[in-house]
There are 2 protein chains.
Amino acid sequence: MHPVITISREFGSGGHSISEKVAKKLGIPFYDGEIVTQVAAKSGYAKELIEEQGEYSSSANKWFDISAASAMYFQSPQDEIFIAQKKVILESAQKGPCVIVGRCADYILRKEGIPCLNVFIHSDMAHRKERVLERYGAIENVGIEKRLAKKDKQRKTYYKYYTDQQWGDYRNYDVSLDSGALGEDTCVDIICELYNRK
Amino acid sequence: MHPVITISREFGSGGHSISEKVAKKLGIPFYDGEIVTQVAAKSGYAKELIEEQGEYSSSANKWFDISAASAMYFQSPQDEIFIAQKKVILESAQKGPCVIVGRCADYILRKEGIPCLNVFIHSDMAHRKERVLERYGAIENVGIEKRLAKKDKQRKTYYKYYTDQQWGDYRNYDVSLDSGALGEDTCVDIICELYNRK
């Protein structure tokens, strides 16, 4: 049976768009927004909060401020969202081959022994800047490099917090691809080829 | 024009064998032992020393022991070998497309603006152990995991010393492949496909 494809990506690397194209080309489900909808239904939290807290640890640090004693009994909204999200990811993967973007899916599925093709997409700053400006436009008074570095840091912290591993570490992925150097379409083709061979 | 392929690899990942097969399949030169021969001719050092010092920093630390003052005037054999090796790598790359294994070739060629396809090959401990035992056999009283960890550390230290960058960091490679999960032949095919598209 074909594996589940998990795709982790640097912000602005085109990883989301690559994931969508891979799913379309292979004719398998693509889970991204769908996960948010299902987590909202399961957890009762608003979609906007899930989008923010389900991959980014922008607010994670504030949970470290609580005392060790209360931490034992206290489950933060971020933790509740992580648990609901983990359930949705496992349920989705159990239905059969699909593409899941971000959200520690590689770690969650590996722990359960579900066969995966784990992919990491990255790109250099020049390509990412260009892509982000094209897609989201400029935000006044906020340097684009600062925005990118912040997003990476948030994903890295989130991944580290829930998996105790380094986000982007080659050991966690079957393949890491530089979408800036190779181009989006080549990345799509390589991932599809690896999927078909596995 | 096609790029030069540089292949960095974890010890025991099959990266050397993959590199050889890639060169054969593409019909381009493969530089590994050839570099050692040329460096020996250029530097006057013995091939055995070049093999040991040209990629591994097993003895690198001892050069740190010399005082700061003498370090300004003193060039270690390792440094001399690095300089000769750098020249040989540049000359080889300038002749046209080829495959170069290890030796900071990715960094050396990037600094000179030579178009490259930079590849990193890794594998999990189980696959590497199996491969090393098959190829080199067991060494009494030396744990295989310890041997692998030591080799990785030596390559990492060497790379860091001469490039000031992290060996294995995804930012330095167009593609990183897990040869244990994907298989050697798949790695060969993917690298050849990326070469032909670049």
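**Close-up views of a predicted two-chain model**

**Figure 1. Helix 9 of chain B.** Within helix 9 of chain B, the residues R155(B), Y158(B) and Y159(B) are buried. When the helix is seen down its axis, these buried residues fall within an arc of 95°, so they line one face of helix 9 of chain B. The helix covers residues 144-163, and its 20 residues should span 28 Å at 1.5 Å a residue, which agrees with the 28 Å that separates its end C-alpha atoms. The residue that follows helix 9 of chain B is D164(B), and its phi is positive, near 60°.

**Figure 2. Helix 1 of chain B and the elements around it.** Helix 1 of chain B is made of twelve residues, 15-26, and from its first C-alpha to its last it reaches 16 Å, close to the 16 Å expected at 1.5 Å a residue. Its buried residues are G15(B), I18(B), S19(B), K21(B), V22(B) and A23(B). Which parts of chain B do the buried residues of helix 1 pack against? They pack against strand 1 (4-9), strand 2, strand 3 (99-101) and strand 4 (116-122), and also against helix 10 (179-182) and helix 11 (184-197), each of these being in chain B. Just after helix 1 of chain B comes G27(B), which takes a positive phi of about 65°.

Figure 3. Chain A has eleven helices and five strands. Ten strands form an open sheet with mixed pairing, and their order is 2(A)-3(A)-1(A)-4(A)-5(A)-5(B)-4(B)-1(B)-3(B)-2(B). At the edges stand strand 2 (30-31) of chain A and strand 2 (30-31) of chain B, each with a single partner strand, so one side of each is left without a neighbour in the sheet.

**Figure 4. Strand 5 of chain A and its two partner strands.** Within chain A, strand 4 and strand 5 pair in the parallel sense over four bridges, whereas strand 5 of chain A and strand 5 of chain B run antiparallel and are joined by three bridges. S176(A) can be followed in both pairings: F120(A) has S176(A) as its bridge partner in strand 5 of chain A, and S176(A) has S176(B) as its bridge partner in strand 5 of chain B. V175(A), in turn, stands opposite L177(B) in strand 5 of chain B. From strand 5 of chain A, V175(A) and L177(A) point one way, while S176(A) and D178(A) point the other way, and all are buried.

Figure 5. The contact takes 16 residues from chain A and 16 residues from chain B. On the side of chain A that touches chain B, at least two residues each come from strand 4 (116-122), strand 5 (175-178), helix 10 (179-182) and helix 11 (184-197) of chain A. Sorted by class, that side of chain A has eight nonpolar, four polar and four charged residues. Of the interface residues of chain A, 100% are also interface residues in chain B, so the copies meet through the same surface.

**Figure 6. Q94(A) in helix 6 of chain A.** The residue Q94(A) has its place in helix 6 of chain A, which covers residues 77-94. Is Q94(A) buried or exposed? Q94(A) is exposed, because 12 other C-beta atoms lie within 10 Å. Although 20 residues apart in sequence, Q94(A) and I114(A) are 8.2 Å apart in space, C-alpha to C-alpha. For the chain as a whole, 43% of the 198 residues of chain A count as buried.

Note on methods: Residues numbered from 1 in each chain as written. Chains lettered and ligands numbered in written order. Predicted model: local features only at pLDDT ≥ 70, side-chain atom pairs only at ≥ 80, totals over all residues. Contact = placed C-beta atoms within 7 Å. Nonpolar A, V, L, I, M, F, W, Y, C, P; charged D, E, K, R; others polar. Pairing = 2+ DSSP bridges. Expected span 1.5 Å × (residues − 1). Buried ≥ 20, exposed ≤ 12 C-beta atoms within 10 Å, placed from the backbone. Arc of directions from axis to C-beta.
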